[in-house]
Amino acid sequence: MTERESLQKLIADLVAAAPAAESGPSPDLWAKVEELGLGAVAIDESCGGSGGSVDDLVVIVESLARRAQGLPIIEINTARWILGESGTAVDGSGLATAVLTDLTEEQLLADGLSIRSVVWGRHASVVVLCPRAGRPVLVRTDDSAVGIEECVDLSGTPDDTVSVGSSGSRVVLDHAPSPEAIRARFALMQSAALVGAVRGAYELTREYVKTREQFGAPLIKIPAVAGSLATIRTKVLEGEAALESALSAWPGEGFSGSTTPIFSARVVAARCATETARLAHQLHGAMGVTSEYPLHRFTVKLWAWRDAGLPESEWARLVARSAVERGEEWVWTELAVVSSK
């Protein structure tokens, strides 16, 4: 059994053993993930991490999503990575979460700051704000000038708004990774989550149309059904190919390579998510919208995650910027070279 297969089996066993939550992430599953150190994979041990590679983290994220588990591993792992690289420790057993913003460092230090979509903000002692330009800014939630408005996303995951008053203390993380590296790590992990959920939705839909009968025959025997299922299958393959290209672009420790394949994978994964959710519901019909049937566990995550952090349009704009600055031929050559590695 390969290392990848071992990780996949470990995740499958953890999910099978953990009691399902009524809505949102399973606290029991997250506790087990933390106990095993999976939430700190791809962070150097000298920085308080569990070691391992970005490839390992991608497998963990993808495997959880394939089983419709929306744990906050991307945001918490990224926060730990940024804090570890910057040499900043979180007191005691405090939890840290990270959020991408379209603001600059200067804007994050201004009065009247309000940041939306902070995953698990209510549970975090530290929030790392990641700007599009400049250094990340750390906010401690126990500061009297910091307020948290509790919200949830479509999948029921805590997705809060954090506000910082004029007297709120903020710490600039001088030695943190670059904004480009942080965005690349977010994009890679979010792509893995989307691809995993796309595959999970496909597997559930395939099983349904193979076993559900109409007029004495399985639904899969209907040409239109078979064609739609095949389309979802192409989205699985398309997303996995883009993710593989993105992983090939990641040059080992840290990040200093081209972001084009990584941001492209994020766009591809989001578009695959949209098409998969639409077709999966069409093939399930009325069964697909019942709360008792598990399809919604995948589709609400696909809808929530495709625009998590930054919307799909923003990732597409980042890819387009590369095309404008270096030319369309350069972009396609870059993608082709990475894909052949």
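**Chat about Ala 42 and its surroundings**

Modeller: Leaving out neighbours within four places in sequence, Ala 42 is in contact (heavy atoms within 4.5 Å) with Gly 51, Gly 52, Ser 53, Val 54, Leu 57, Trp 81 and Arg 185. This is a predicted model, where local features need pLDDT of at least 70, side-chain atom pairs count only at pLDDT 80 or more, and totals for chains, interfaces and linings use all residues. Residues are numbered from 1 along each chain as its sequence is written, and side-chain values use heavy atoms, with hydrogens and water left out.

Biologist: Where does Ala 42 sit?

Modeller: In the loop between helix 2 (27-35) and helix 3; helices here are DSSP runs of H or I, at least four residues, numbered from the N terminus.

Biologist: Is Ala 42 buried or exposed?

Modeller: Buried, because its relative accessibility is 12% (buried is under 20%, exposed over 50%, partly exposed in between, with a 1.4 Å probe and protein chains only).

Biologist: OK, how do helix 3 and helix 4 cross?

Modeller: The axes of helix 3 (residues 54-66) and helix 4 (residues 73-86) come within 11 Å and cross at roughly 160°. So helix 3 runs roughly antiparallel to helix 4 (angles over 145 degrees).

Biologist: Which residues meet there?

Modeller: From helix 3, Leu 57, Ile 60, Val 61 and Leu 64; from helix 4, Ile 73, Ile 74 and Asn 77.

Biologist: New topic: what follows helix 8?

Modeller: Gly 285, with a positive phi near 65°. Helix 8 itself is mostly covered, with 19 of its 25 residues buried.

Biologist: And where is confidence lowest?

Modeller: In helix 11 (residues 328-339), at a mean pLDDT of 71; pLDDT is the predictor's confidence in each residue, from 0 to 100.

Conventions:
Helix = DSSP H or I, 4+ residues; strand = E, 2+ residues; numbered from the N terminus. Axes fitted to C-alpha atoms, helices over the stretch in contact; angles between N-to-C directions. Parallel < 35°, antiparallel > 145°, perpendicular 65-115°, else oblique.
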